[in-house]
Amino acid sequence: MTFEDSGRTVNSVVGKVEKATAVPAYFSLAEATLLVLGAIAMEGLRLLPRRAQDFGSAGYWERFFRERGERAFEWYGEWEELREPLERYLRPRDSILVVGCGNSEMSEQLYDVGYQSIVNVDISEMVIKQMGERSAHLRPKMSYLVMDVLQMDFPDGCFQVVLDKGTLDALLTDGEEATLARAERMFAEIGRVLQFGGRYLCVSLAQGHVLKAAVEYFSKEGWMVRIHQTSGKEATTSESEFALAVFVYVMTKMKPVPGSASRILELCAEKHDKPIRYSSLEHLIEAVKERQQYALLCSQLNKNPGMGDVSLDLCSKDGGQARYTLHVVHCPAVKVSRDNRFAIFIIPQGRETEWLFGTEEGRKQLAASAGFRRLVTVALHWDQHYENMEAIQAELSEKVMELAPPGLPTQQKVPFLSVGGDIGIRTIQHRDTSSLSGEYIIEDVKGDDARYFRHLIFLSNRNVVQSEARLSSGAPCKGNKKAKKKKKGASSDPMKPAAVPTSLSIDKSYLCCTHHRAMVAGLCLLKNPERLPEVPIRVLVIGLGGGSLPLFIHDYFWQSTVEVVEIDPAILEVATCWFGFSVGDRLKVHIADGLVYVSSLAAEAPSSYDAIMFDVDSKDTTVGMSCPPPSFVEKPFLQKVRALLKTEGVFILNLVCRDTKLRDSVLAALKEVFPLLYARRIEGEVNEILFCQQQSRCKLPPAELLVSAQVLEKALQQPGRAWDSTYILADMLEAVQLV
């Protein structure tokens, strides 16, 4: 595979709304605050309180500032880190009240840049005396007062701004009723001293119970609520290395409008974007939580680059739908140099399920092949429109730099890699919903070798291609619309995604799925493989999918009778309309539950089939086995399968099981029913094909098994009948092991 590089210089700024996976759970405020202060405690100052509730105690803060001395303690960042969101809501002429000022230098810095009407209050007499003496001569218009924010002495409506940096978080340490009551007293006092049109600017970690309490209170009072995420990647104390996302609540006091019940709830996650409005408090809190998880993820990546497979979705700003899925891959085997520390790989549309792009092991191999220490793979979603590679780069360049390894220069040129230099081709041909299988799509995509393929994908498991067929030149596929004439003046930009050609048909001679190829190869275990195509054999297939497996057997074993059992009538319609499947005298489909059908048939017509094949998926995602459903491999049912087989017949099972213990139990049950059991793992996939026979005397040594496969392949290659040269039956059985 060759990679093309369309590198560009990108800068690090905050990007779109994300949902991150494999990140820590939501921190409680007490945990977060204690972690931020943890570095100070490590210095031996023993400044941490015994209980989180002590953060609201005057005695605690007196001891804190006495032992800390005159060194400033900056909660959640300094003025320059918070300047951008705060200055949007500050005017030089504003009268500003800073509550819980502590010994932060924020007020002094505000004063020095032109905001000089500032009153600072704190519960600690010591810190007020200390700060007042420090600014007495340098900042004569600024005052410091000892005052409890729960009961202030100011007259009503005397301030345009109340600024709070960490005070609410220190006060609201939990969600207990008594603590919430104290917070509401603080809110009431802030509301009392603010004028109409005044702003309460609260710098906070936005823990769930804190955000909920603040937004609920002020929105019920008719205030406008807007949340900003600060533009820094992380915010810490100067001593602490623990990073958390920091937010600024902007609560604007509005005049009451009689009869109005509307609430304005907004989030500004981007530095330059318009705020996003939310219809409910729950949606706003969830959006903030996603931002917090993302910030924690970035922090963890910086501290532990090899933390394992990390994935996240980048969502569109308009509808909030997932637009890109990113995987961060760390490849320690790559020797670091200046130019190979970081790269972005755009996965071509429709190929995100391939082993190289869709598995952790595959992505590691991709990173090693590309030669980068950290690689971010980007999968494009089927339900989103992408203009071209340049547009994707422009859209992603700001966000992906937040995932860059620490120490990467801001102006470092970061390459965008792809296969063939484009974003691939994906055409959604059909979308519908099955009452049994849920929503699904039919898509046509361009593969690595410039061939086109058709996929059936269930949206409940969109990372798995349920069925696949290769398209070839010929008559248009059934269900395809006629190609539209190209409009005059239409763009011929080669970087733009093209549509899949409509003059293509299903190539019935080609089995896309390796496990299907192995299942067909397993038929060489039947007697006289050299005669199989021309002798009458009966085959039962449980699970239709796109129908390529039973259709291949029907076409190449031209005396065979194939019966398929499929529980979902919608899948039969999909196979017929979109995958070239059709029933006939030798190929029939029964719409039935495979369990019921096999059970009834075993009693009525035992020893009926030369081969039985299970290729049926499970809808239960809670079990570590996605194929087949567990009930299909229980011993009583397997005994019924055996009863249906002829004495020298073969039962072939596609097993997809990630649970080792469950797999072992399946093999044990099979071994009890079928004394002769072969297994063939599919390289690069979870699939494992099991070949089961009733009599041990049928056992073939590996060398004879390969010869039988070669004999069968020769018999299937008949003059005038297409045969794909890459399909070598013996290769399918070369890795078979006797269980």
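View 1. The model is predicted: local features require pLDDT of at least 70 and side-chain atom pairs count only at pLDDT 80 or more, whereas totals for chains, interfaces and linings use all residues. Residues are numbered from 1 along each chain as its sequence is written, and side-chain values use heavy atoms, with hydrogens and water left out. A search of the whole structure gives 18 aromatic pairs. Rings of Phe, Tyr and Trp (its six-membered ring) pair if their centres lie within 6.5 Å; planes under 30 degrees apart count as stacked, over 60 as edge-to-face and the rest as tilted. The rings of Phe552 and Trp723 form a tilted pair, 6.1 Å centre to centre with 55° between the planes. This pair links distant parts of the chain, 171 residues apart: Phe552 belongs to helix H14, and Trp723 to the loop between helix H19 (702-716) and helix H20 (729-733). Helices (H or I, at least four residues) and strands (E, at least two) are DSSP runs, numbered from the N terminus.

**View 2. The largest nonpolar core, with Leu523 and Phe557.** This core has 48 residues, and Leu523 and Phe557 have the most contacts inside it. Helix H14 (residues 548-556) gives the most to this core, with five residues. A nonpolar core is a set of buried Ala, Val, Leu, Ile, Met, Phe, Trp, Tyr and Cys residues joined through side-chain atoms within 4.5 Å. Not counting residues up to four places away in sequence, Phe557 touches, among others, Val520, Leu523, Leu532, Ile537, Phe552 and Arg586; contact means heavy atoms within 4.5 Å.

**View 3. The salt bridge between Glu688 and Arg663.** The closest N and O atoms of Glu688 and Arg663 are 2.8 Å apart in this salt bridge. Glu688 lies in strand E31 (residues 687-693) and Arg663 in helix H18 (residues 660-673), so the bridge ties together parts 25 residues apart in sequence. Glu688 is buried at 3% relative accessibility, and Arg663 is buried with a relative accessible area of 18%. A salt bridge is a side-chain nitrogen of Lys or Arg within 4 Å of a carboxyl oxygen of Asp or Glu; by this rule the count comes to 32.

**View 4. The salt bridge between Arg134 and Glu108.** Arg134 and Glu108 form a salt bridge with their closest N and O atoms 2.9 Å apart. The two residues are 26 residues apart, with Arg134 in helix H5 (residues 125-135) and Glu108 in helix H4 (residues 106-112). Arg134 is partly exposed, at 27% relative accessible area, whereas Glu108 counts as buried at 7%.

**View 5. Arg470 in a salt-bridge network and over a ring.** Arg470, Asp507, Arg517 and Asp724 are linked in a network of salt bridges. Arg470 also lies over the face of Tyr510, at 3.8 Å from the ring centre. A charge sits over a ring if NZ of Lys or CZ of Arg is within 6 Å of the ring centre and within 35 degrees of the ring normal.

View 6. Phe187, Tyr200, Tyr217, Phe218 and Trp223 form one aromatic cluster. The charged end of Lys253 sits over the ring of Phe196, 4.8 Å from its centre.

Notes. Buried < 20%, exposed > 50% of the residue type's maximum accessible area, 1.4 Å probe, protein only.
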